[in-house]
Amino acid sequence: MNIPEKMKAAVLFGYNDLRVVEKPVPRPGKDEVLIRVKACAICGTDPKIIAHGWENCPPMGEYILGHEYAGEIVELGEGVTKFKAGDRVAIEPHKGCGHCVNCLRGYYTTCLNYGKLEEGHRHYGFTVNGGYAEYAVCHINCCHRFSEKLSYEDATMLTTAGTALYGIQRAGGIGPGETVAVIGPGPIGLMAVQLARVLGAGKVILVGTRDSRLAIGREVGADVLVNSRNEDAVEAVKRLTDGVMADMVVETSGSAAGGAQALELCKKSGRVALVGIYSEPVTVNLNKVVQWNMQIAGGKAEGEDVLDRLVPLMESGQIKTGPLLTHAFSLDDINEGVRTYKERIGNAIKVVIRP
């Protein structure tokens, strides 16, 4: 396969200075593959990195963001046997060092050697270059093969679904017939709604503040929509559950109000999954956690290899991506894509860049 020497890439030259420039095409090392990037979705973290950078990131002028990407393998590095050129793969951003105690237990998203390249850790699009480029190198641990039943744009949503599933898994899972409340109808919340349905929830309640987002929640499987601007979500869930409250609450909004509200929506001996990214401290009633025997867990990204389990669910149509994929831009127009995502232009939910 003919691989060029140069490629186009979106490079961060400084805070709020993202430029599409020509760069050398990288070459895969041991246990790595070279991927021709077909699609890379904008994550909520990306605009923050563009504005403020990231700890341990590559030098400005060299730094290529993008961690929710999918493409075609075009070259194999030394020692790669489980993949071949032509494979369609979606990328998992976290590659742990592989030898710390967390990695050995499957908790590679909280690798104890985070940011230490010499120890083997990689965080694609964060501490090493990512997928806002025509080509990208990735370790085989982070490659997840999918079939032509999924488009490349569909496959960029695997990490979004993975974050929701990992959070649910960390908090104890969902049992058949249980009532699940999801706070936040963003991409992760809308995936959590679908996963709750797939996992057998009897009733799925979606709480949010935007009717347009809540409507998409209905489209992907929510039974009840609660606009917390118009009604008290706690009272609504109390009414819907005859005062018992939800067996599982999945908090995806990342707001202080959402974090505090999650505990109030949870039943006695219920479970709370926290998967939002919080920019400020959250005040919660810890005495209620103790007295109500609650189980609370944080879910950092898409750990414990959840992505491979999500591929067949997407390929079979049990998890839908179409309603969430609202906009697409070329790599040359990436700054317009980022603006569309940040400002929610045209009710943007998930914006994809197509190199």
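Reader: In which hand does H4 pass H5?

Author: H4 passes H5 in a right-handed crossing. A crossing is right-handed if the near helix is turned clockwise from the far one by less than a right angle, and left-handed if anticlockwise. Helices (H or I, at least four residues) are DSSP runs, numbered from the N terminus. This is a predicted model, where local features need pLDDT of at least 70, side-chain atom pairs count only at pLDDT 80 or more, and totals for chains, interfaces and linings use all residues. Residues are numbered from 1 along each chain as its sequence is written, and side-chain values use heavy atoms, with hydrogens and water left out.

Reader: At what angle do H4 and H5 pack, and how far apart are their axes?

Author: Two packed helices are described by the angle between their axes and the distance between the axes. Axes are lines fitted to C-alpha atoms, for helices over the stretch in contact, and angles run from 0 to 180 degrees between N-to-C directions. H4 (residues 158-170) and H5 (residues 187-198) pack at about 60 degrees, with axes 8 Å apart. That makes H4 oblique to H5. Angles under 35 degrees count as roughly parallel, over 145 as roughly antiparallel, 65 to 115 as roughly perpendicular and the rest as oblique.

Reader: Which residues of H4 and H5 meet?

Author: Contact means heavy atoms within 4.5 Å. From H4 come Thr160, Ala161, Thr163, Ala164, Leu165 and Ile168; from H5, Pro187, Ile188, Met191, Ala192 and Leu195. By class, this contact of H4 with H5 has nine nonpolar, two polar and no charged residues. Ala, Val, Leu, Ile, Met, Phe, Trp, Tyr, Cys and Pro count as nonpolar, Asp, Glu, Lys and Arg as charged, and the others, Gly among them, as polar.

Reader: How do H5 and H6 cross?

Author: The axes of H5 and H6 (residues 211-219) come within 9 Å and cross at roughly 25 degrees. H5 and H6 are therefore roughly parallel to each other. Pro187, Leu190 and Val193 in H5 meet Arg213, Ile216 and Gly217 in H6.

Reader: At what angle do H4 and H10 cross?

Author: H4 and H10 (residues 306-315) cross at roughly 115 degrees, and their axes come within 9 Å. This crossing is right-handed.

Reader: How much area is buried between domain 1 and domain 2?

Author: The size of an interface is often given as the accessible area lost when the parts come together. Here about 1100 Å² is buried between domain 1 and domain 2, and carbon and sulfur atoms give 58% of that area. Buried area uses a 1.4 Å probe and is summed over both parts. Leu324, Arg344 and Ile349 supply 45% of the area that domain 1 buries against domain 2.

Reader: Where do the two domains run?

Author: Domain 1 covers 6-145 + 321-353, and domain 2 covers 164-298. These bounds come from an automatic or database domain assignment.

Technical notes:
Helix = DSSP H or I, 4+ residues; strand = E, 2+ residues; numbered from the N terminus. Buried area = accessible area lost by both parts, 1.4 Å probe.
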